[in-house]
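The sequence and the model come first.

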Amino acid sequence: MDSYFRDSFIDKRITLLENILDYTRGSGIKNKDFWTLKKSDVRFSIGETEFNVRIPFIFGGESEEIIEEALEELLSLIKGRFEPSVVYDSRGGIMISVLDESVKLQPKGYRLGNEFSTRIEYNAAQLTLFSDSLIDAGIISSWLSPKLHGKKFVNEIARIYKKAIDEEIRFGGTEKTSLLTHFAVAKILSEKKEFIKKINIAGTSYEKLERSISIFFYALITSIIQGIFQKYQGKQLSYDIKKIEYLLLGSTTPFFVLGIKNALLASEINPYNLSLKIITKLDSTYSAAAKKSISLSDLISKMTNLIIEDKMLMGNILEFYSISKFRDDILDYLVLYDDQREETDVLLAQVAYDEKVLSSLRDNQKMASMLESGLQKLKVRYHSDIDRVRKIEQISNHLKMYRRWGGGRMLSSGREGEKFKISEVLKRYVAYRIDLGYDTYITTSINVLENKKNELPLKELIRSYDEGRLYRISADHKLSLVKVEGRNEAHLFVDLKGFTRRTRKSGSLAMAEFLKLEFFIPIIEAAKTYYLKVGKDPSLGLDLNNLLGDAVTFSGNILALFELAKEIRTISSKYQKKLIERYPEYDEKGQRDKLMLRYKAELNKIAENSKAIVGAIIELNEIVDVKKGMSPREMMNAQLNLFNKNIEAHVHALGEISAKIKNTSSDDVKLGLVEDEEILRGKLAFINKEKEGLKLEVKKQRLDKRSMEFYKEICQDEIVQIRRLKEMLAAISKKKRELIQSYYERLGEIVDFGMNTGLYISYGEVMELIDLRDNVWGDVKVSIADKINEAARGAARSKNIKKRVDRFVERCSFEMNNQNLIYPFNVIIGTNYSIIQPIDEEPTFYGNETDYILDFTDRVFSEEGDEKKAGSRFSDWEKEKEQINRTVVSSSVDIYNLGEALSGDALRAFVRESRGKLYFFEKRVLIGELNEKFWKFFAFDGTEIQFIFGIEDKKDRVNVEMFRYTGSIDYVGTSKKELTDVYELLRTDSLFYHFIMDNHFNAWYEDSKLKDEQSKGIARL
């Protein structure tokens, strides 16, 4: 088997570069403009012209901390490899320990085994091993171990890139967000590498160490970006991401984070598998061919022809190819099979990674003999592994030819073979030259970015980000740049849920009076506390916009509306208690309990009926099976016996009726008995007829042969009964589905019984007030603001989403045998699905497709009780749904809000205005990391919760505002052209709030304060 990795990697690189050249030519873009970040490419920059652009940025979340930890641990592992007896216990000039009990440095080796659990990790390790001699597979696998930060580094960087790409797509390509992020990553990695200067490792210079770390980062970034774009393959997107892919992969070169550029080729073990000597020999040929070439393939072809004309140069190229091929074949073998406990594998690694050892191999008889002997032993030991033996033979042949002829005549071939070898070397050279040329532009753009973390105090950085003057690169959900335009204010919309139902049930007058006294007046009185406006400045207080039949809206200062929102929550709670006292039927819990009891009773009844029918079907099937197991003669005799028994029973019954007729004197009774006699005689005649028919059928079918027609005839009664029972079972299943659907519909309606409000705070442009004067209607005021529309939509309540959540909670309750489980949150964002049926276009097709969908869902829910079958059905659905025309099924993201929600912009404004009073920090936590009590209280279908805490730490108490990231939604009907982040303000009296405070908050709070002290607070910006 020939070596494959290097050739494949270089081929893909040349193809990528060729595609990029075609793209830029087709788009009329100059190379310099394609790779350069200009003022017009970003939403914010400092500098008035394209020549003095500066882009300020920081890394937010925990990204920078993870990068630092990962780099320090990598250096620590390298140091541990070269100085195994030294133990370090602090940072700075002294490294942390890698030899203590918690961290185990894997033995030196080059085989990539199962410890590289993802394709990204494997590809990065493989590219590193083929490009650098310092970092081995043992170091990389140790770095990726759970106790170190390697995996966190890979996952964090991957999320950063994925977020940037998604954000650029969301903005419609108006900004090179992903390229800006890419260059910011290069900048931060280069800055963090300065730490290398503090490290002394025996036998390793700074230049070599910096080169190795840079190549490793290059391999990681390349593999991460490739992995991300592989996930986009096959997806239908409204945005062409090819340009993003070309920019990111094209600019990720071995020079990407390399500080000392010319150190890359200091060793022939490098990403391009080239030497300085061969590059120097090819430079003039490249210059001559490049002027007349129209593509990279044409360039390589022209260079090949020129080299063939120069016999000396051709000989040098062929010799270099042979030696590099020898080395690559060894590396391919080591990556798959290396075991450094084997003397032969150790020697192979020395030959591949040490140029001096490779050079001396030809003259060092002892070493060569030892290697040849070792390879032969490996062949014998692994004779059954065909691929491994083939690789060993290939290395052996290389070794023999190298010892005999040197590099000049290794792998000798004909004219076409020589052209192929020359072209393979030229591919590496062309990739190197183009990458080196592009690096000039790329480095210029990287230098445009300015990391402001250590230049400005924390408050100034926060203010700059909040005001849209600072890019924040992170893996979390926050925008990389907040775009602030004009003067803004907050808008609160509170919607009273179930108003229409209560009005219809209790009467308009009674409900209106109750609502006025217990809801509107208390809210208006509470709002007066915050009415502090002076002149036309809206930042000092709030205004009442509108009072509707079941809603009220305010606009003004974010802090004022935030406090008012909490008071409205208290008012709503008091109103709910009074409402239940006056109207007990509005007790939501009581109604739910009653509904649940009725539902369970009906469900049990259906289950019993289903069980009985299934049992009858099983018995009938057993009878059919028994009959089918008989011979025709046995079956005929059994059936005739059955007929005879029935005839005997009917004759006996006729005798009894005849006796009763003779003995009765009542004409009416006698008339009834005569009618019964007539019926019995009819049945008897029918049985006799069936008996004779059976005899005729048997004669026709011949008793010496088994006939399916015969069996069907004999089993006809059972077959008819089974079919009838199955129809009954289908009817019961349909009744069960209708019961379940009815239950969840009524469950969703119960939320209207109590006093429920949906409250939402948005943030944006100041409202416009229209004053109307009319001689009939008097003075009329109309408040208009796009963000009021957003707030109204954010206070909505999608019943479909609530039904699905209720159903999920009920299922969890049944599975865990815990009827006290609750969903922990009041604001839920989810996806609604609907079926679109066009009025005129292709009604037959759409009707068939719709019927198919409904039929499939019926089949799925009919097997709801059988998890295995239901799971299989849903698996089938994933496969079959691709056959359904996508225009038939429509999906949309919607909100269910019976709590207090606010937009991401509103939360940022609140944080900005409250920093002088509150301390804020973020926390992302996996559900599995929460205290195990969580599952005793809650049913939750997510995998992660993202919190933002605001703490007012007083001497006598600690007040904590707790926000949860709910999701993102596109509010249809507003002018906003992008998704809106939504947060829920968790109620301080909720069970989930107390759960977090009791089990986790203190530890998270202390950890955040400690990290802020170490990182100046910017890690949690």
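## Two helix pairs

In α6, the residues Phe 153, Val 154, Ile 157, Ala 158, Tyr 161, Lys 162, Ile 165, Asp 166 and Ile 169 are in contact with Phe 217, Leu 220, Ile 221, Ile 224, Ile 225, Ile 228, Phe 229 and Tyr 232 of α8, where contact means heavy atoms within 4.5 Å. This contact of α6 with α8 comprises 15 nonpolar, no polar and 2 charged residues. Ala, Val, Leu, Ile, Met, Phe, Trp, Tyr, Cys and Pro count as nonpolar, Asp, Glu, Lys and Arg as charged, and the others, Gly among them, as polar.

The model is predicted: local features need pLDDT of at least 70 and side-chain atom pairs pLDDT 80 or more, while totals for chains, interfaces and linings use all residues. Residues are numbered from 1 along each chain as its sequence is written, and side-chain values use heavy atoms, with hydrogens and water left out.

Two packed helices are described by the angle between their axes and the distance between the axes.

| Helix pair | Angle | Axis distance |
|---|---|---|
| α6 (residues 150-170) and α8 (residues 206-232) | about 50° | 10 Å |
| α11 (residues 296-309) and α17 (residues 415-448) | about 125° | 9 Å |

Angles run from 0 to 180 degrees between N-to-C directions. Under 35 degrees counts as roughly parallel, over 145 as roughly antiparallel, 65 to 115 as roughly perpendicular and the rest as oblique. Therefore α6 and α8 are oblique to each other, and so are α11 and α17.

The contact of α11 with α17 includes Leu 296 and Ile 308 of α11 and Arg 415 and Ile 434 of α17. Its residues divide into 11 nonpolar, 3 polar and 3 charged.

Notes: Helix = DSSP H or I, 4+ residues; strand = E, 2+ residues; numbered from the N terminus.
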